[in-house]
Amino acid sequence: MHAVVPFAATDPKTRLASVLSPAERSTVARAMLADVLTAIVEAGAEPTVVSTAPLDLDTLSLEATIRDAVSVTVDDRPLTEAVNARLPASHDAAPTAVIMADLALATPDTLERCFSHDTDVTIAPGRSGGTNALVVSHPDFRVDYHGASYLDHCEIARDVGTSLETVDSFRLSTDIDEPDDLVEVLIHGTEADRAPACLRELGFALETRDGRVGVARLEETRRE
Ligand SMILES: Nc1nc2c(ncn2[C@@H]2O[C@H](COP(=O)(O)OP(=O)(O)OP(=O)(O)O)[C@@H](O)[C@H]2O)c(=O)[nH]1
Ligand SMILES: C[C@H](OP(=O)(O)O)C(=O)O
């Protein structure tokens, strides 16, 4: 399975700007990208990072076997256009997966669940209606990201008459967009993952206030 991994390399994760400086957002985005690429390769797929700007894979500290299985291509078109240019163009073409780079909790098992369906379109939706992981094998299906794109993609699938499977996965539904999402990374990230280690290094820790779990950051770790 070929997997496209879209990556906004310049000024990523702007919705985390209230808790992370621009350089820190870039560091966290790259840590999540490294975790996602590792999970994709361990699930048996071949990822291509479709990056908005040049990206040196050697800066991601990937294990050599993972690094060797990943390629990068630069495409500065908007997300929807860049992805549509890479979806199957004919019934003979191989299925293509599109896995977002901010799925910090993605594991080989959860991705394999997406890769194993025999439908024209398979979607693992995000919690607020995005399309976090997608597998397309039908040449008439095209994406339209942003907003409640999961609903839009269900409608597009209906309009072009493709079969569609929805994958119900807590891990794949957790894209890291807002400061509160960092809670999930600290709770559910594993020892081997880079993103939770990166957040802890930046001074983030779980904090329970009035019975509600959030993240707190040690003041001395804040950098402008
Ligand atoms: N190639 C490409 N990837 C993109 C683009 N915009 C977002 N992405 C990637 O698409 C996935 C989902 O991105 P979003 O969460 O919507 O956007 P983001 O830029 O990561 O974060 P925000 O700035 O907070 O919206 C992530 O893997 C991004 O890196 C784009 O224009 N081109
Ligand atoms: C790209 C967009 O991601 P979100 O803004 O939901 O993170 C989507 O999934 O349509």
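Me: Two strands pair if DSSP finds at least two bridges between them. In this predicted model, what makes S1 and S4 a pair?

Reply: Three bridges join strand S1 (residues 2–7) to strand S4 (residues 96–99). The cut-off is at least two bridges, so the two strands count as paired. S1 and S4 run parallel, and Val4 stands opposite Val98 in S4.

Me: What makes S8 and S9 a pair, and in which sense do they run?

Reply: Strand S8 (residues 204–209) and strand S9 (residues 212–217) share six bridges, where at least two are needed, so they pair. Their sense is antiparallel. Phe204 stands opposite Arg217 in S9. Two residues lie between S8 and S9 in this hairpin, and Asp210 in the turn has a positive phi of about 55°.

Me: Why are S3 and S7 called edge strands of the sheet?

Reply: The open sheet has seven strands in the order S3-S2-S1-S4-S6-S5-S7, and its pairing is mixed. Strand S3 (71–74) and strand S7 (164–166) each have a single partner strand, so one side of each has no neighbour in the sheet. From one strand to the next the twist averages 20°.

Me: Which strands does H1 touch where it packs on the sheet?

Reply: H1 touches S1, strand S2 (46–51) and S4, and its direction makes about 175° with that of S1. Another helix, H5 (residues 149–160), lies across strand S5 (121–125), strand S6 (131–136) and S7, and runs at about 155° to S7.

Me: Why is H1 called roughly antiparallel to H8?

Reply: The axes of helix H1 (residues 22–42) and helix H8 (residues 194–201) cross at roughly 160° and come within 8 Å. Angles over 145 degrees count as roughly antiparallel, so H1 is roughly antiparallel to H8. The crossing is right-handed. Residues of H1 in the contact include Thr27, Ala31 and Asp35, and those of H8 include Arg194 and Leu199. The contact of H1 with H8 divides into eight nonpolar, two polar and two charged residues.

Me: What makes H1 oblique to H4?

Reply: The axes of H1 and helix H4 (residues 108–115) cross at roughly 60° and come within 8 Å. Roughly parallel needs an angle under 35 degrees and roughly perpendicular needs 65 to 115, so H1 is oblique to H4. The crossing of H1 and H4 is right-handed.

Me: Which residues make the contact of H1 with H4?

Reply: Ala39, Ile40 and Glu42 of H1 meet Pro108, Leu111 and Glu112 of H4. These residues divide into four nonpolar, no polar and two charged.

Key
Residues numbered from 1 in each chain as written. Chains lettered and ligands numbered in written order. Predicted model: local features only at pLDDT ≥ 70, side-chain atom pairs only at ≥ 80, totals over all residues. Heavy atoms only, no water. Helix = DSSP H or I, 4+ residues; strand = E, 2+ residues; numbered from the N terminus. Axes fitted to C-alpha atoms, helices over the stretch in contact; angles between N-to-C directions. Left-handed = near helix turned anticlockwise from the far one by under 90°. Contact = heavy atoms within 4.5 Å. Nonpolar A, V, L, I, M, F, W, Y, C, P; charged D, E, K, R; others polar.
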